[in-house]
Amino acid sequence: ATPKAHQQAGNLWSSRMAFILAAVGSAVGLGNIWKFPYITGENGGGAFVLIYLACIALVGIPVLIAEVMVGRRGGQSPVASMRELTTAEGTAKGWRLIGWNGIIASFLVLSFYSVIGGWALAYVGKIASGVFTGADAATIGGAFEGMLASTGDLLLWHSIFMAVVVLIVGRGIRSGMEKAINTLMPLLFVLLFIMVGYATTTGKFGEAVSFMFSPDFSKLTTEGVLKALGHAAFTLSIGIGVMMAYGSYLPQKVNIARTAMTIAFMDTGVALLAGLAIFPLVFANGLEPGAGPGLIFVTLPLAFGQMTGGVLFGTLFFGLLLVAALTSAISMLEPVVEWLEEHKGISRAKSAFFGGLAIWLVGIGTVLSFNVWSDIHPLGFLPYFEGKTLFDLLDFLVSSLMMPLGGLAIALFVGWAMQRQGLDDEIGLKGAVYSAFMFVLRYLTPAGIAVVFLYNLL
Ligand code: PHE
Ligand code: NA
């Protein structure tokens, strides 16, 4: 393959806007609406949110810029791009691990993401059927528990979700992806605003705001800080080759720094709005903010069950959550597919099929960890892994280790190993702004990640 292979083949996003939509589609997903509220709840609120926002600014945005840049400059799959760049720049071969980390991590993350995406799929139907109308918290909680307990149900939803992802990715980067994202992202914003509006009528909006924004550091553990860092990486889809893969289709004229800021801004906006929509409901219904992965699947149906037009709004909301999950899942499959196409010489459709099949198989482990294997804690004998199911373990491995460490490696590679020329060609920053960016990327980003990891080791 040649450098910028996709550019030479004319296989690119149709415009800057198309890339933004795709990248925002990747970034905005279950991470914002499902995961952010539940881990904020588990980690005590305000202090966690503050650390998360700091991580977005100091780690997330700089790494996002660096990663998209590496992708565009390499112009191929993460593995091939890193090989290309290490050769062209004359740097150590060890940097190529960044590409491999990406392929493996995106494989693993999709295996469990698809299972949760399946829950969203299931809930579109459940809400539309009206079973939650007027139901109380206990009934709705019971319905969620019932779903988790059924291996067959979870497997079915996981399978459908993966099949859709494979179909879309198999059709190719433009025809498959751009269209869906174009119309549905704006709709998601509108619906979130409606939900926040509804949340203000519960009388607990103020309590939710202070839960989310007044930091109480006594509630924050060192593992919580690691989770905040990991989530900053997870939510921006960085450190695992996805943004590198998307960047490889980016036209040369697009300004990467500005584009990355837009992506981060939208992503953070959706997460905060989701929190503001959900926590008032949690407090108004006497639920536990730290209830875990089921948080939105209990609070939201409860709200939709009480509000006028709830069946319509609820169906729409979970429909959009599903779309957001799909556009993220699609991006997770992309590095794997790009790699199979380039390195194994398999067609795109076949790559999507076989890659998807392997991921689906591994995903069955996550399905089981919510029922048959729910009491099995692999590595549970180690201090960190006590009580962690296979799903918890995969999430920890990818979100708390592979993504932040991948991000660290990218920051170091771009900050210290790449030559000035390459940076000048790609980043789109000049003068003092460029210097400031490089300072952050070279010193603050790595230091931030290192401090979090050292704290957790000690
Ligand atoms: N950013 C996505 C979300 O918040 C998840 C994701 C992680 C997507 C890694 C791609 C790669 O839901
Ligand atoms: Na996100």
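Tutor: Let's start with the word helix: a helix here is a DSSP run of H or I with at least four residues, numbered from the N terminus. Ser-237 falls in the loop between helix 11 and helix 12. The model is predicted, so local features need pLDDT of at least 70 and side-chain atom pairs pLDDT 80 or more, while totals for chains, interfaces and linings use all residues, and side-chain values use heavy atoms, leaving out hydrogens and water. Residues count from 1 along each chain as its sequence is written, with chains lettered from A and ligands numbered from 1 in the order they are written.

Student: Is Ser-237 buried or exposed, and what makes it so?

Tutor: Its relative accessible area is 8%. Buried means under 20%, exposed over 50%, and partly exposed in between, using a 1.4 Å probe and the protein chains only. So Ser-237 goes down as buried.

Student: What makes the phi of Ser-237 worth a look?

Tutor: Phi there is near 60°, a positive value in a residue other than glycine. Most residues other than glycine have a negative phi. Leu-379 is another case, with a positive phi of about 65° although it is not a glycine.

Student: Where does Leu-379 lie, and is it buried, exposed or partly exposed?

Tutor: Leu-379 is in the loop between helix 16 (348-369) and helix 17 (390-417). With 35% relative accessible area, Leu-379 is called partly exposed because that value falls between the two cut-offs.

Student: Which residues come nearest to ligand 1?

Tutor: Ser-237 turns up again, along with Ala-27, Gly-31, Tyr-113 and Phe-234, out of 16 residues around ligand 1. A residue gets into that shell if one of its heavy atoms lies within 4 Å of the molecule.

Student: How do you know which backbone atoms make polar contacts with ligand 1?

Tutor: By distance: a polar contact is a pair of N or O atoms within 3.5 Å; within protein, one must be able to donate a hydrogen and the other to accept it, and residues adjacent in sequence count only if both atoms are side-chain atoms. A nitrogen atom of ligand 1 is 3.2 Å from a polar backbone atom of Ser-26. An oxygen atom of ligand 1 is 3.2 Å from a backbone N or O atom of Leu-30, and a nitrogen atom of ligand 1 is 3.1 Å from one of Thr-235.

Student: How much of ligand 1 does the protein cover?

Tutor: The protein covers 100% of the 320 Å² of accessible area that ligand 1 has on its own, by the Shrake-Rupley method with a 1.4 Å probe.

Student: What is ligand 1 sitting in, and which elements contribute to the shell?

Tutor: Ligand 1 sits in the largest cavity. A cavity is a set of points, on a 1 Å grid over the protein atoms alone, where a 1.4 Å probe fits but cannot get out; sitting in one takes more than half of the molecule's atoms within 2 Å of its grid points. Helix 2 (16-27), helix 3 (30-42), helix 11 (222-235) and helix 15 (310-344) each give two or more residues to the shell.

Student: What makes Ser-248 count as buried?

Tutor: Ser-248 has 1% relative accessibility, so it counts as buried. It lies in the loop between helix 12 (242-247) and helix 13 (256-284). Its side chain has a polar atom 2.6 Å from the backbone oxygen of Ala-245, and a 3.0 Å polar contact joins the side chains of Ser-248 and Glu-338.

Student: Why is Asn-456 called buried?

Tutor: Asn-456 has 10% relative accessibility, which is under the cut-off, so the label is buried. Asn-456 sits in helix 19 (residues 431-457), and its side chain reaches the backbone oxygen of Val-452 at 3.0 Å.

Student: And what makes Val-196 buried?

Tutor: Val-196 comes out at 11% relative accessibility, so it counts as buried too. This residue is in helix 9 (residues 173-200). The C-alpha atoms of Val-196 and Phe-279 are 9.9 Å apart, though 83 residues separate them along the chain.

Methods:
1 Å grid on protein atoms, 1.4 Å probe; cavity = no way out; pocket = protein on both sides within 12 Å on 5 of 7 lines; lining within 4 Å.
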